[in-house]
Amino acid sequence: MYVQFQIPANRSAPGWPVIMVHGSTHTGAALESTPDGREGWYPYFVRQGIATYVVDQSGRGRSGVDQSVLHEAEARLTAGDTARAAELLPAMQRITDNGAWTAWFGHLVPAGSNVTNGRLIVHGDSGDPELGTAAKPHVAPQFPLTAVAEYYKQLVPNAEATLPGSTCMSCEPQTLTPANTWTPQNLATLVEMLGGAIVATHSQSGIMGHHMVRILKERGHMDLVKGLITVEGGCSLPQSGLTAADFDAIPYLALKGDYTATNAQCQESVDAINARRADKLGTARAEYMKLDELGMLGVTHMMMLDKNNLEIADLMIDWVGQSVAKAPRR
């Protein structure tokens with residue numbers, strides 16, 4: 001797994017490093033800067049005195065990929081065995097160009113059109129079919145839409161599909177995808193190498209952060225997870241082989257923007273952890289922070305690139321300052 005990092009000369013409280021993990025179809029580039037040239041979360045966290053590590057998921061971007069499966073498929077194809085070649089080739093998924101628009105920024109009409117010939121209707125536009133209400137305003141996204149073409153250049157296939165999956169006997173389901181196999185293992189190793197860290201995941205990598213916690217638990221190093229932040233990602237404890245008790249000493253934050261519905265998994269996990277606090281079990285803070293309910297409207301799924309991305313970064317940094325115990329001087 002490729003890892004880049006910056007360590008500031010003067011570190012701020014709480015002093016633990018932060019590891020940032022991108023989501024599906026992206027690489028660590030999404031955390032470096034915005035499509036319109038503004039500062040990303042990665043350099044901003046460093047300027048706030050936080051040692052920051054950004055990864056490319058295993059098998060994605062600058063990380064290594066297993067080419068042997070492709071070579072084997074090519075050999076079968078050359079030998080004329082097209083059926084067996086097709087069976088071997090992995091499905092390297094990528095969000096479509098149309099899907100990136102309709103999932104993050106607005107609507108596309110008419111039906112059957114695409115982003116090059118259709119009408120792109122931004123959330124909150126007069127032609128938006130999803131009208132807002134007084135209780136739930138539907139406003140324009142904070143994303144820099146004038147630079148959306150630059151954003152599209154970041155989108156890559158999920159090449160980790162070339163890697164093998166694995167089995168987790170405590171997980172539901174027990175069969176793990178390549179994505180939920182290798183990045184969690186490498187994140188666990190990185191946390192161990194750092195002697196403790198806060199891990200912030202996004203979207204697809206949300207559940208990977210949970211699998212990382214399970215792996216560190218199995219290795220007897222769960223105490224090295226100083227905090228887990230999930231930005232609009234999966235939060236299932238059963239799926240990752242965990243229970244609420246595993247977060248008795250791990251601060252836990254789930255975060256959502258304006259256009260994504262409340263994640264039932266995240267709500268259930270936070271509620272289960274806080275139920276233990278009500279029973280005087282555990283001490284670590286657990287919170288589901290819903291930015292739209294806090295009055296921060298227009299925050300997209302790609303909030304690290306939004307126009308108010310640094311304001312959101314400050315919320316995360318403040319939460320860490322309030323929730324994570326300070327690191328000893330090293």
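## Tyrosine 152 and its surroundings

The side chain of tyrosine 152 places a polar atom 2.8 Å from the backbone oxygen of aspartate 97, a polar contact being a pair of N or O atoms within 3.5 Å in which, within protein, one must be able to donate a hydrogen and the other to accept it, with residues adjacent in sequence counted only if both atoms are side-chain atoms. This is a predicted model, in which local features need pLDDT of at least 70 and side-chain atom pairs count only at pLDDT 80 or more, while totals for chains, interfaces and linings use all residues. Residues are numbered from 1 along each chain as its sequence is written, and side-chain values use heavy atoms, with hydrogens and water left out.

Tyrosine 152 lies in helix H5; helices (H or I, at least four residues) and strands (E, at least two) are DSSP runs numbered from the N terminus. Because its relative accessibility is 16%, tyrosine 152 counts as buried, where buried means under 20% relative accessible area, exposed over 50% and partly exposed in between (1.4 Å probe, protein chains only). Not counting residues up to four places away in sequence, tyrosine 152 touches Arg94, Asp97, Ala100, Trp101 and Val115, contact meaning heavy atoms within 4.5 Å. The C-alpha atoms of tyrosine 152 and glycine 99 are separated by 11 Å, although the two residues are 53 apart along the chain.

## Aromatic pairs

Seven aromatic pairs are found in a search of the whole structure; rings of Phe, Tyr and Trp (its six-membered ring) pair if their centres lie within 6.5 Å, and planes under 30 degrees apart count as stacked, over 60 as edge-to-face and the rest as tilted. One of these pairs is formed by phenylalanine 5 and tyrosine 53, which are stacked at 5.1 Å centre to centre with 20 degrees between the planes. This pair links distant parts of the chain, since phenylalanine 5 belongs to strand E1 (residues 2-6) and tyrosine 53 to strand E3, 48 residues apart. Phenylalanine 5 is partly exposed, with a relative accessible area of 49%, whereas tyrosine 53 counts as buried at 9% relative accessibility.

The rings of phenylalanine 105 and phenylalanine 143 have centres 4.4 Å apart and planes at 40 degrees, so this pair is tilted. Here too distant parts of the chain are linked, with phenylalanine 105 in the loop between H4 and strand E4 (106-109) and phenylalanine 143 in the loop between strand E5 (119-122) and H5, 38 residues apart. Phenylalanine 105 is buried, with a relative accessible area of 0%, and phenylalanine 143 counts as buried at 1% relative accessibility. Ring pairs join Trp101, Phe105, Phe143, Tyr151 and Tyr152 into a cluster.

## Nonpolar cores

The largest nonpolar core has 44 residues, of which Trp41, Phe45, Tyr151, Ile229, Ile312 and Met316 touch the most other members; such a core is a set of buried Ala, Val, Leu, Ile, Met, Phe, Trp, Tyr and Cys residues joined through side-chain atoms within 4.5 Å. Among the elements that each supply at least two residues of this core are helix H1 (41-47), helix H5 (148-152), strand E9 (225-231) and helix H9 (309-323), and H9 gives the most, with six residues. Leaving aside neighbours within four places in sequence, tryptophan 41 is in contact with Met20, Leu31, Met303, Met304, Asn309, Ile312, Ala313 and Met316. Apart from this core lies another, of 32 residues, which includes Val191, Val199, Leu224 and Cys235.

## Disulfides

Two disulfides are found in the whole structure, a disulfide being a pair of cysteine sulfur atoms within 2.5 Å. Cysteine 168 and cysteine 171 form one of them, with their sulfur atoms 2.1 Å apart, and the torsion about their S-S bond is about 70 degrees, so this disulfide is right-handed. Both cysteine 168 and cysteine 171 are buried.

Cysteine 235 is joined to cysteine 266 by a disulfide with an S to S distance of 1.9 Å, and this bond is also right-handed because its torsion is about 65 degrees. The pair links distant parts of the chain, with cysteine 235 in the loop between E9 and E10 and cysteine 266 in helix H8 (residues 264-278), 31 residues apart. Cysteine 235 and cysteine 266 are both buried.
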